[in-house]
Amino acid sequence: MSESPPTTPVCYRHPGRETYVRCTRCDRPICPDCMRAASVGHQCPECVNEGRRSVRPARTAFGGGAAGRHGYVTKVLIAVNVLLMLLSIASDRGGDAAVGGSGFGGLLGGHTPLTDWGAVLGLAVFPDGTVGGVADGQWYRLVTAMFLHFGVVHLLLNMWALWVLGRSLEANLGPLRFLALYLIAGFGGNVAAYLFSAQNATTAGASTAIFGLFAALFLIMRRLGRDTSAILPVLIVNLVFTFAVPGISIAGHLGGLVTGAAMALVLAYAPRSRRSLVQLAGGAIIVLVLVGAALIRTAQLLAG
């Protein structure tokens with residue numbers, strides 16, 4: 001009785017291809033196109049994907065994603081601010097800022113139609129007789145103001161600071177936590193400007209968020225046990241400029257500083273066992289307190 005010759009194994013994904021190589025995890029035959037290099041031998045695509053799902057993604061010391069080291073959020077925030085500066089210049093079609101001696105597009109600090117639309121404003125009557133401001137229902141101003149600037153110089157100073165501070169904080173906090181810190185600090189600074197500025201005064205700029213980042217970087221570095229001696233002098237210099245240079249929103253800068261510090265404390269000192277929940281709840285409480293303060297200010301303006 002004759003015996004049939006042994007059959008050559010074929011790839012489980014490509015039956016027409018003969019192979020003597022097997023996956024080191026599941027032992028299925030795999031052809032060169034299906035081989036994935038492993039620490040020992042080769043694995044099939046399914047086993048590689050299964051292994052990736054079983055590996056926990058890298059996290060920062062504060063629970064954030066390791067993707068923050070690429071600085072994507074910082075770069076996007078800078079891009080948004082630059083784009084809105086270009087739109088602000090484009091909105092100034094009549095050249096009002098240039099006629100007023102402030103430079104093209106508000107180069108040295110002039111208003112444009114876009115900044116008039118989005119800057120923090122309590123309550124005021126516009127030249128056309130209409131009423132506007134946060135107290136009149138334009139709550140979006142408390143957010144949009146942190147992305148608008150009175151001129152290119154104003155923009156460049158803030159973007160340089162965001163580039164320096166943002167990359168370090170994003171790497172340590174992760175993208176989502178850093179974005180939350182930036183937005184809440186900027187919102188807090190704008191609310192403070194709304195609370196303590198004249199109701200017909202306009203304020204705008206990313207500096208509300210930037211001052212929050214200064215405070216946060218100091219606290220985060222302290223929490224990590226790193227040297228903070230280089231941060232304090234820069235922060236002090238910026239505070240001196242805040243009080244010494246006319247036209248700067250003192251309330252906005254200090255409000256952003258305090259809010260950023262509060263959010264940084266939540267992010268840095270949340271207990272490890274329930275870190276994400278505590279961080280989320282802490283951020284929500286800060287936002288609710290700020291909204292409550294803005295509601296009180298609105299009631300005061302409308303009553304007066």
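I began with Tyr182, which touches Leu77, Asn81, Met146, Phe147, Leu162, Ala206, Ala209 and Leu213, leaving out residues up to four places away in sequence. Contact here means heavy atoms within 4.5 Å.

**Entry: ground rules.** I noted that this is a predicted model, in which local features need pLDDT of at least 70 and side-chain atom pairs count only at pLDDT 80 or more, while totals for chains, interfaces and linings use all residues. Residues are numbered from 1 along each chain as its sequence is written, and side-chain values use heavy atoms, with hydrogens and water left out.

**Entry: the cores.** I looked up where Tyr182 belongs. Tyr182 is among the residues that touch the most other members of the largest nonpolar core, together with Leu162, Leu169 and Leu213; this core has 59 residues. A nonpolar core is a set of buried Ala, Val, Leu, Ile, Met, Phe, Trp, Tyr and Cys residues joined through side-chain atoms within 4.5 Å. Buried means under 20% relative accessible area, exposed over 50%, and partly exposed in between, with a 1.4 Å probe and protein chains only.

Two or more residues of this core come from each of helix H2 (72-91), helix H6 (152-173), helix H7 (175-196), helix H8 (207-223), helix H9 (231-244), helix H10 (250-269) and helix H11 (275-303). H8 gives the most, with 12 residues. Helices (H or I, at least four residues) and strands (E, at least two) are DSSP runs, numbered from the N terminus. I also found a second, separate core of 7 residues, including Ile30, Cys31, Cys34 and Cys47.

**Entry: Leu165.** I picked a residue in helix H6, Leu165. Leu165 counts as buried because its relative accessibility is 5%. Apart from neighbours within four places in sequence, Leu165 is in contact with Ile210, Leu213, Phe214 and Leu217. From Leu165 to Ser207, 42 residues apart along the chain, the C-alpha atoms are separated by 12 Å.

**Entry: Pro45.** I then turned to Pro45, which is in helix H1 (residues 45-54). Pro45 also counts as buried, because its relative accessibility is 10%. Pro45 is in contact with Tyr12, Arg13, Cys34 and Arg36, again leaving aside neighbours within four places in sequence. Cys23 lies 22 residues from Pro45 in sequence and 9.3 Å away in space, C-alpha to C-alpha.

**Entry: domains.** I noted domain 1 (1-55) and domain 2 (77-303). Their C-alpha centres lie 57 Å apart. The bounds come from an automatic or database domain assignment.

**Entry: the UniProt record.** An unreviewed UniProt entry lists residues 137-268 as "domain: Peptidase S54 rhomboid". In the model this span is 74% helix and 2% strand, and its end C-alpha atoms lie 35 Å apart. For "transmembrane region", the unreviewed entry lists several spans, among them 146-166 and 251-270. Residues 146-166 are 71% helix and 0% strand, with end C-alpha atoms 15 Å apart. Residues 251-270 are 95% helix and 0% strand, with end C-alpha atoms 28 Å apart. I kept in mind that annotations may be inferred rather than shown by experiment.

**Entry: the largest pocket.** I found about 830 Å³ of space in the largest pocket. A pocket is an open set of points on a 1 Å grid over the protein atoms alone, where a 1.4 Å probe fits, with protein on both sides within 12 Å along at least five of seven lines; lining residues have an atom within 4 Å of a point. The volume is the space filled by probe spheres set on the points. Of the 33 lining residues, His154, Leu157, Asn158, Ile248 and His253 lie nearest the centre of the pocket. H6 provides the largest share of the lining, 6 residues.
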